[in-house]
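Hi,

Here is the structure I promised to pass on. Please open it and keep it beside you while you read my notes.

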Amino acid sequence: MNGTRERPTSLTDRSNAKLAALYELVCGQHLDVADYVLQSQHVIDLLDILCHRINLLDTTLMSTSGEGTTALTCDIVVGALCRLLSTIFDTLHGHYSTLTDSTDDSLAFNHIIQDLISYIVSVGMIDKLSLMMANTRGPVDDHPELTQCLRSVVSLFSSLSKLMALRVEERFGARLADDDTQLMLTFQMTHIGGVVSLIYGVLLHSGAPQRADGDRPPPAADHTLDLTLEVIRLLNYVSLLDLNVVQCVLGGEGLSLQLRHICSYLLWYCTHHKKEALLNEAILLVGNFVVLNDENQALLESGQRPTVVQQLCSLPIEYFSDDRLSR
């Protein structure tokens, strides 16, 4: 799995990906196995292999189709390793998030996780994966394998964010204090992993569509919607770490317009195609983007009609009457 172009491994990439998938299945179902991988430092071996595979990717080699879309060749081993690591981290998060911060196990876990994330940041893994995301443009409906790879990378970013959120107080406006890992700074410098530009190119590669009353957006492939949901969730997870930084990044020139078009499109799409999970995350993202921020609020009140604010006012009645949806 850790081969080079000059000296490849004896296993094919497909075999390596299946091996990682088997590893993922075991770690996802058994906390003790996931904990052993972390405590035994085998997770460092996995990260080193992933870093090596990422370095083999040439993010400057793009292929342009006749429609002018740009796509990046997918490394299925990178995707499989990202899924494996994400599963390990999520399994551990599910357990340690239920413990109090003062327990010995929790303190030891937080120390290991902080060192681990510091290592991930220091070797440039997030920067390189972010470059891969930002350099992927255009529709992916016809590229399910590429979409799965991209989704796996976003899932890894989300898992790291959730682990870091264990150190944040559960109150509105709380922020990550003393981030020695530099994770939040890295997200800030990479525009949160380049995911906004990625999903803008995926959903709105032809620009914001013109709408007339009664128009329905064309259906998107399920794997495209899954990728979109993962991206929106990531933005909401990172908002838990430092809301002000997220608002500043997403409110920056260029990115803010992309985000406005994305939110407007998702509100339109989800209300017509009954995608409740994606709609809920999109609404939460809008809230995180505008809360106590006058400039971002003004941005979502402008633009093509119906504006984002107008679409929020036109949500199904359940979002105003059902406690589960109106909170």
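Start at Gln 41, which follows helix α2 and has a positive phi, near 70°. Keep in mind that this is a predicted model.

Now step back into α2 itself, residues 31–39. Which of its residues are buried? They include Ala 34, Val 37 and Leu 38. These three span an arc of only 100° around the axis, so they sit on the same side of α2. What covers the buried residues of α2? The cover includes α1 (13–29), α3 (42–56), α4 (76–96) and α5.

The whole structure holds two cavities of 30 Å³ or more. Helices α5 (104–122) and α7 (144–165) each supply at least two lining residues. α5 gives the most, with three.

Last, the cysteines. How many disulfides did the search of the whole structure find? It found zero. Is Cys 270 buried or exposed? Cys 270 counts as buried, because its relative accessibility is 2%, and buried means under 20%. Cys 313 counts as exposed, because its value is 61%, and exposed means over 50%.

Best wishes

How values were computed:
Residues are numbered from 1 along each chain as its sequence is written. This is a predicted model: local features need pLDDT of at least 70, side-chain atom pairs count only at pLDDT 80 or more; totals for chains, interfaces and linings use all residues. Side-chain values use heavy atoms; hydrogens and water are left out. On a 1 Å grid over the protein atoms alone, a cavity is a set of points where a 1.4 Å probe fits but cannot get out, and a pocket is an open set with protein on both sides within 12 Å along at least five of seven lines; lining residues have an atom within 4 Å of a point. Grid points are joined across faces, edges and corners, and a volume is the space filled by probe spheres set on the points. Helices (H or I, at least four residues) and strands (E, at least two) are DSSP runs, numbered from the N terminus. A disulfide is a pair of cysteine sulfur atoms within 2.5 Å. Buried means under 20% relative accessible area, exposed over 50%, partly exposed in between (1.4 Å probe, protein chains only). The arc is that of the directions from the helix axis to the C-beta atoms. Contact means heavy atoms within 4.5 Å.
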